[in-house]
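Hi everyone, thanks for making time today. Let's have the model up on the screen and walk through it together.

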Amino acid sequence: MDSIIVFWNQMTGNPLLFLAVTLTLGVILVNGWTDAPNAIATCVVTRCMNPRSAIIMAAVFNFLGVFVMTLINATVAETVTKMVDFGSDSNLAIIALSAALFAIVLWATIAWVFGIPTSESHALSWSYRQCHSNT
């Protein structure tokens, strides 16, 4: 419980960190509303599963996928860390991350409106790389 209180104090004491956390939640929301329908559409349309069962299955396996991969492998986090290096300037890193997350939310929302399929993980790596190359 202490770690949550420490996190909350850090987040409220640093507006950039608060912005980054808020944008991260925005990316998770956008990713959920754009990827979840694709994951269950075939099962529901072909009537292999009813919508409720398909949604429950998608929720359980999406959670398990993240949980298991986090336990097994930290390669993605290490790759992102190696891909961009802001040195010791944590504010610059948070600004770049916030810009990348904002770009993802904006791009995914616009693409969703026009029915264009997207990948938020590819958008993150591209926009984060662009932020780093422009600094």
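Let's start at S98, which touches L16, L19, A20 and L23, leaving aside residues up to four places away in sequence; contact here means heavy atoms within 4.5 Å. S98 sits in helix α5, residues 90-114. Helices are DSSP runs of H or I with at least four residues, strands are runs of E with at least two, and both are numbered from the N terminus. Is S98 buried or exposed? S98 counts as buried, because its relative accessibility is 6%. The cut-offs are under 20% relative accessible area for buried, over 50% for exposed, and partly exposed in between, with a 1.4 Å probe and protein chains only.

A word on the source: this is a predicted model, where local features need pLDDT of at least 70 and side-chain atom pairs count only at pLDDT 80 or more, while totals for chains, interfaces and linings use all residues. Residues are numbered from 1 along each chain as its sequence is written, and side-chain values use heavy atoms, with hydrogens and water left out.

Now the core. The largest nonpolar core has 5 residues in all: L23, V27, L101, I104 and A123. By nonpolar core I mean a set of buried Ala, Val, Leu, Ile, Met, Phe, Trp, Tyr and Cys residues joined through side-chain atoms within 4.5 Å. Helices α2 and α5 are the elements that give two or more residues to this core. L101 touches A20, L23, T24, V27 and L124, again not counting residues up to four places away in sequence.

On to the cysteines, which I know some of you will ask about. How many disulfides are there? The count is 0, where a disulfide is a pair of cysteine sulfur atoms within 2.5 Å. C43 is in no disulfide, and the nearest cysteine sulfur, in C48, is 6.2 Å away. Seen from C48, that 6.2 Å to the sulfur of C43 is too far for a bond. C43 counts as partly exposed because its relative accessibility is 23%, whereas C48, at 63%, counts as exposed.

R47 has a positive phi of about 65°, although it is not a glycine. Most residues other than glycine have a negative phi. R47 counts as exposed, given its 74% relative accessibility.

Last stop, I56: this residue is in helix α3, residues 51-72, and is partly exposed because its relative accessible area is 45%.
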